[in-house]
Amino acid sequence: MPLGADRLVARLRYVTRTTRGLLQHPGFEGTRVTPWRLANLWRARWEHRALRTELRSLPIKLILEATNICNLGCPACFTGDGQVGRARSHMSLELYHKLLDELGPTLWRIELCNWGEPLLGRHVMPMIEAASARGISTLISTNFSVPFDAARAERLVRSGLTVLGVSIDGARQESYERYRVGGDLETVLRNCRLVLDAKRKLGSKTPAMNWSFHVFPHNVEDVEPARTMARELEMTFVVEKGWVVGDEWDPDGRYCYYGEPKPFPCVYLWSYAVVNNDGGVAPCCGSFYREDDMGHIAVTPDEVGATTFREAWNGPRFRQARSLYRARESGGAAAQSICFDCPQTVIWERWQQHLGGGGTPETFRPGYGVNDIFNYFWNRRPERADRTPPGAGPPRDRSRAA
């Protein structure tokens with residue numbers, strides 16, 4: 001076959017793969033598929049592949065901090081460690097409905113959790129109900145070591161919640177509380193039973209219930225007993241390696257993280273969005289401090305900030321962060337951005353250099369693992385005059401994560 005024909009075949013294969021990727025369902029169960037959602041999905045994916053810096057599309061997934069308050073002291077969590085990224089509060093319904101009115105027609109999923117415990121959120125139930133009414137898939141991830149009863153369980157099931165993820169890192173109280181500091185395993189299991197009973201009573205298949213088990217050295221022996229307990233509660237058992245502050249534990253062991261880093265432009269800059277309880281728009285779910293926000297959504301006329309989400313989405317910080325995937329040049333304001341040295345940005349730059357130097361995809365090594373990426377965000381402490389110093393608040397023994 002002539003060289004030109006080889007290139008043509010390769011090009012056709014590339015176009016076929018790209019087209020298939022553009023048309024593929026994003027996998028968010030429970031979403032009502034509409035022409036508006038499909039059109040925005042295709043446009044978002046095309047703009048992502050084209051590395052456009054100013055977008056006409058809107059995010060397909062929205063991560064909302066219903067509250068940044070939490071009742072536990074998990075050692076590898078900013079909130080659990082006593083850090084203060086912004087004032088503790090609940091997202092207002094005014095802000096939530098403002099976002100829902102603008103983004104609801106094109107959103108496929110809303111996740112009402114990030115650094116806080118969503119079931120402590122003052123408005124989390126009406127938030128789920130409003131999203132469900134618009135045909136948007138919803139998810140919350142909870143420690144579930146919170147006050148709960150049969151009435152709340154029934155309302156949660158009736159709300160239309162699609163996925164209920166419960167973080168349970170142990171089958172015994174003594175192992176469970178090593179990471180979920182301050183949590184009570186029996187309370188968690190009782191609350192799971194309440195939801196299961198409510199689903200049976202109401203004849204509902206939702207929410208799908210996931211038992212999320214993060215493996216550390218102290219709870220390895222609990223994995224199989226927990227798997228059996230999850231089966232009895234009709235929960236899908238999801239086991240993955242837990243990240244730790246510092247070096248990865250047992251890098252050659254049998255347990256893996258949820259995925260490995262790949263050379264791909266950050267999906268949060270093009271397709272997923274994060275809005276905090278105070279209206280701050282974060283670059284991704286790894287960001288914690290308000291100084292790293294890309295913008296702010298104003299609710300009242302006297303409040304400083306963007307009047308629409310799209311205004312923040314295409315603000316200077318977002319455009320600058322997206323431009324790093326075209327050229328990551330040092331110096332200036334870009335170098336101070338949380339995205340500049342983010343491992344995902346660096347991996348993409350290395351990937352381009354690797355291919356440009358004649359390397360193949362098979363020989364590429366990202367140079368970062370999942371635990372390295374976690375530690376990048378963990379170690380970032382932007383300068384601020386009023387920031388609580390690292391280690392302030394209740395003291396934590398970070399070694400307990402391992």
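So, which residues form one aromatic cluster here? Phe78, Trp115, Trp243, Phe288, Tyr289, Phe374 and Trp378 do.

Quick caveats before I go on. This is a predicted model, where local features need pLDDT of at least 70, side-chain atom pairs count only at pLDDT 80 or more, and totals for chains, interfaces and linings use all residues. Residues are numbered from 1 along each chain as its sequence is written, and side-chain values use heavy atoms, with hydrogens and water left out.

Okay, rings. I'm pairing rings of Phe, Tyr and Trp (its six-membered ring) if their centres lie within 6.5 Å; planes under 30 degrees apart are stacked, over 60 edge-to-face, the rest tilted. That rule gives 19 aromatic pairs. Take Phe78 and Phe288: the centres are 4.6 Å apart and the planes sit at 10°, so this pair is stacked. Phe78 is in the loop between strand 1 (61–64) and helix 3 (93–103), and Phe288 in the loop between strand 8 (280–282) and strand 9 (295–296), so the pair ties together parts 210 residues apart in sequence. Helices (H or I, at least four residues) and strands (E, at least two) are DSSP runs, by the way, numbered from the N terminus.

Buried, for me, means under 20% relative accessible area, exposed over 50%, and partly exposed in between (1.4 Å probe, protein chains only). Phe78 is buried at 1%, and Phe288 is buried at 8%. Then there's Trp313 with Phe318: centres 5.0 Å apart, planes at 65°, so edge-to-face. Trp313 is buried at 0%, and Phe318 is buried at 1%.

Now back to two cluster members, Phe374 and Trp378. Both are among the buried residues of helix 12. In that helix (residues 370–379), 8 of the 10 residues are buried, so it's largely enclosed by the rest of the structure. Helix 11 (343–356) is part of what covers those buried residues, going by contact, meaning heavy atoms within 4.5 Å. And Arg381 lies over the face of Trp378, 5.3 Å from the ring centre; the cut-off for that is CZ of Arg, or NZ of Lys, within 6 Å of the ring centre and within 35 degrees of the ring normal.

Last bit, backbone. Most residues other than glycine have a negative phi, and most peptide bonds are trans. Phe144, though, has a positive phi of about 60°, and it's buried at 0%. Asp250 also has a positive phi, near 45°, but Asp250 is partly exposed at 42%. Finally, the peptide bond from Thr206 to Pro207 is cis.
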